[in-house]
Amino acid sequence: MPKDKFSFSKINTFNNCREQYYINYILNIRKPNENIEAFLGSCVHEVIEFLYQEKKSEINFDKIIDLFDKIWKKKWHNDIYLIDKRRKVYQYYNLGVECLRNFFRKNIQNNPNFFSNTTDCELSVEFEIEGINFRGIIDRLDFDSDKNQYIINDYKTSKRIISNKKAMRDLQLGLYLIAIHKKYKPTNPVNLRWYFLRYGVEILVQPKLDDQNYIKQKLIQKAKSIIDYSNKNESFYANETILCNWCHYWEECRAKTSKNPARRI
Ligand code: SF4
């Protein structure tokens, strides 16, 4: 049997709700359902990925929005759900435009070489520590040859901005950081950069050796506790929180007696 591979989202699901982990990763039940927030995020990601892959210096904002519109329409499907019933679909579409406007102003406008340091987009990484396999997908990897330095980039369309202190030991980008250390053996410290696209805010940190060790130990500890838990056939209990509103597995969840009331759009 192939060994389990631990992604950040797998670890995060276990942390948030073991019942959901059980449904997704033990029973392997997956649905095409998607929340509008996740749909919006995937459209914005695809636009930015396209810009860095095409490497067109002459791109302007109108063309970016045309592209966003095409991607939004092409990706739209019948299993998109709206949780906050006070909001309308066009508000999410407009939020996508706003995210891209912020990104364009800060990174592309008046910067025809915005892509010059980019080495990869949507880079799949895998590595092993202490016999445990981890994997992830990096939104964008840059290499600044003047400074001989890698920068791991991540785009967020979500509301919450990470503090600098938390960013130093963040497990998602921390997992990517370890992957880049293993793959390229950089001689200079690697930078981590988040783009909080709604606000046009960027957070850039450079984790130190003790932060890296902390991240490594935390990832190992979390993966081991999932393995132990699964091997002992412990019961995967439900953890009902606000996050249930965004969960598509109410019909499978042993704590719920109805369908998620989110509206299919
Ligand atoms: S509905 Fe809530 S408790 Fe049930 S699996 Fe989903 S997140 Fe867990």
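Is lysine 56 buried, exposed or partly exposed? Lysine 56, which sits in the loop between α3 and α4 (61-75), is partly exposed, because 14 other C-beta atoms lie within 10 Å. For the terms, a residue is called buried if 20 or more other C-beta atoms lie within 10 Å of its own, exposed if 12 or fewer do, and partly exposed in between, with the C-beta atoms placed from the backbone.

Before I go on, please keep in mind that this is a predicted model, in which local features need pLDDT of at least 70 and side-chain atom pairs count only at pLDDT 80 or more, while totals for chains, interfaces and linings use all residues. Residues are numbered from 1 along each chain as its sequence is written. The helices (H or I, at least four residues) and strands (E, at least two) that I name are DSSP runs, numbered from the N terminus.

Staying with lysine 56 for a moment, its C-alpha lies 36 Å from that of lysine 10, and the two are 46 residues apart in sequence. In helix α1, which covers residues 8-16, the buried residues are Phe8, Ile11, Thr13 and Phe14.

Let me turn to the domains, whose bounds come from an automatic or database domain assignment. Domain 1 spans 34-108 and domain 2 spans 117-231, and their centres, taken over C-alpha atoms, are separated by 24 Å. Domain 1 brings 15 residues to the contact and domain 2 brings eleven residues. On the side of domain 1 that touches domain 2, α3 (36-54) and α5 (89-108) each supply at least two residues, and the largest share, eight residues, comes from α3.

Next comes the sheet. Strands of a sheet pair through backbone hydrogen bonds, either parallel or antiparallel. Here three strands form an open sheet in the order β2-β3-β9, with mixed pairing, and two strands count as paired if DSSP finds at least two bridges between them. The edge strands, each pairing on one side only, are β2 (34-35) and β9 (263-264). Strand β3 (residues 80-82) pairs with β9 in the antiparallel sense over two bridges, and leucine 82 has arginine 263 in β9 as its bridge partner.

Finally, the ligand has 14 residues around it, of which Cys17, Ala238, Cys244, Cys247 and Cys253 come nearest, where near means a C-beta atom, placed from the backbone, within 6 Å.

Technical notes. Two residues are in contact if their C-beta atoms, placed from the backbone, lie within 7 Å.
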